[in-house]
Amino acid sequence: MKIALLGYGKMGKTIEQIALKRGHDVVLTIDKDDTDYDITEADVAIDFSIPTVAFNNISNCLNNNVPVISGTTGWLDRYNEAVTLCKEKKGAFIYASNYSLGVNIFFELNKTLAKMMSALKQYNVSMEEIHHTQKLDAPSGTAISLAQDIIEQHGSYSNWKLDQGNETTIPIVAKRIEDVPGTHTVTYESEVDTITIEHVAHTRQGFALGAVIAAEWIVGKQGVFTMNDVLNIG
Ligand SMILES: NC(=O)C1=CN([C@@H]2O[C@H](COP(=O)(O)OP(=O)(O)OC[C@H]3O[C@@H](n4cnc5c(N)ncnc54)[C@H](OP(=O)(O)O)[C@@H]3O)[C@@H](O)[C@H]2O)C=CC1
Ligand SMILES: O=C(O)C1=N[C@H](C(=O)O)C[C@H](O)C1
């Protein structure tokens with residue numbers, strides 16, 4: 001498979017290593033100064049860039065009929081536009097806030113726990129995410145996905161907010177500590193006890209492997225998909 005990497009930073013480089021090991025060719029590596037390139041050289045594009053350019057990268061792929069996997073976070077105000085464009089062009093597109101198998105299992109665990117806790121009003125939920133100091137967005141895309149799933153499954157919460165919470169708002173604390181690849185914690189606390197679930201990424205390899213698996217899966221398909229479709233879970 002010929003792969004284009006849109007964003008050749010920490011994730012782009014990790015994805016390249018894994019893609020080569022799995023027998024693929026990386027035919028394009030694009031960073032901010034690379035404007036003149038032909039995306040149709042690739043069978044599939046993988047976008048791990050920055051929030052302000054992700055939508056343009058994705059639409060360029062869809063407009064040129066190249067299936068695209070996006071892991072960039074912090075651009076979701078334009079997600080519905082990407083979905084509309086994908087349908088209009090009969091293209092193929094996946095966005096996931098987190099491509100690692102472990103986090104996708106953790107997402108399911110979080111949904112199940114939220115559903116169970118919906119009957120137990122003595123518990124208040126809160127969340128924490130910790131990432132490296134170069135991260136541009138807060139809270140993380142993964143934390144937003146976790147909060148949205150709690151809102152859907154629990155019933156008492158209608159929104160989330162950085163640092164502040166109340167009976168209807170899930171508080172999310174975002175910490176930035178050098179070299180942390182990504183840690184997410186969901187806590188339910190009552191007067192008598194605390195229940196915590198946590199996912200700790202040790203490296204970026206899990207995110208990168210999931211993105212390559214998603215790219216292998218999407219070639220030849222048409223539609224807007226999620227990691228649940230790729231991994232057949234949920
Ligand atoms: N969904 C998931 O599983 C995961 C998502 N992420 C997300 O992926 C994104 C990238 O993360 P990471 O690799 O750590 O970040 P980096 O900052 O290391 O890499 C981002 C890269 O994008 C490049 N870039 C800037 N402008 C453009 C452009 N116009 N077109 C293409 N590339 C451009 C930057 O280039 P330059 O340096 O020249 O500006 C940089 O090399 C983030 O949004 C992060 O949150 C990260 C890990 C997992
Ligand atoms: O920026 C990162 O590094 C990560 N970003 C994603 C997010 O915002 O959730 C996924 C992972 O936690 C690493």
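Residues count from 1 along each chain as its sequence is written, while chains are lettered from A and ligands numbered from 1 in the order written. Since this is a prediction, local features need pLDDT of at least 70 and side-chain atom pairs count only at pLDDT 80 or more, whereas totals for chains, interfaces and linings use all residues.

**Exercise 1. Find the domains and describe how they touch.**

Start with the assignment: domain 1 is 2-99 + 205-231 and domain 2 is 101-200. Such bounds come from an automatic or database domain assignment. Next, take the centres over C-alpha atoms: 26 Å separate domain 1 and domain 2. The contact itself takes 10 residues from domain 1 and 11 residues from domain 2. Two residues are in contact if their C-beta atoms, placed from the backbone, lie within 7 Å. On the domain 1 side, helix 6 (205-218) and helix 7 (227-231) are the elements giving two or more residues. Helices here are DSSP runs (H or I, at least four residues), numbered from the N terminus. Last, sort that side by class: four nonpolar, six polar and no charged. For the sorting, Ala, Val, Leu, Ile, Met, Phe, Trp, Tyr, Cys and Pro count as nonpolar, Asp, Glu, Lys and Arg as charged, and the others, Gly among them, as polar.

**Exercise 2. Work out what surrounds ligand 2.**

List the shell: Thr 73, Ser 97, Asn 98, His 131, Lys 135, Ser 140, Gly 141, Thr 142, Gly 182 and Phe 207. A residue is near a molecule if its C-beta atom, placed from the backbone, lies within 6 Å of it. Now sort the shell by class, and you get one nonpolar, eight polar and one charged. Then check the domains: domain 1 and domain 2 each give at least three residues to the shell.

**Exercise 3. Describe how helix 2 and helix 3 pack.**

Take helix 2 (residues 51-63) and helix 3 (residues 79-88): the angle is about 5° and the axes are 10 Å apart. The axes are lines fitted to C-alpha atoms over the stretch in contact, with angles from 0 to 180 degrees between N-to-C directions. Helix 2 and helix 3 are therefore roughly parallel (angles under 35 degrees count as such). Now pick out the residues: Phe 55, Ile 58, Ser 59 and Leu 62 in helix 2 meet Glu 81, Ala 82, Leu 85 and Cys 86 in helix 3. By class, that contact has six nonpolar, one polar and one charged.

Conventions. Angles under 35 degrees count as roughly parallel, over 145 as roughly antiparallel, 65 to 115 as roughly perpendicular and the rest as oblique.
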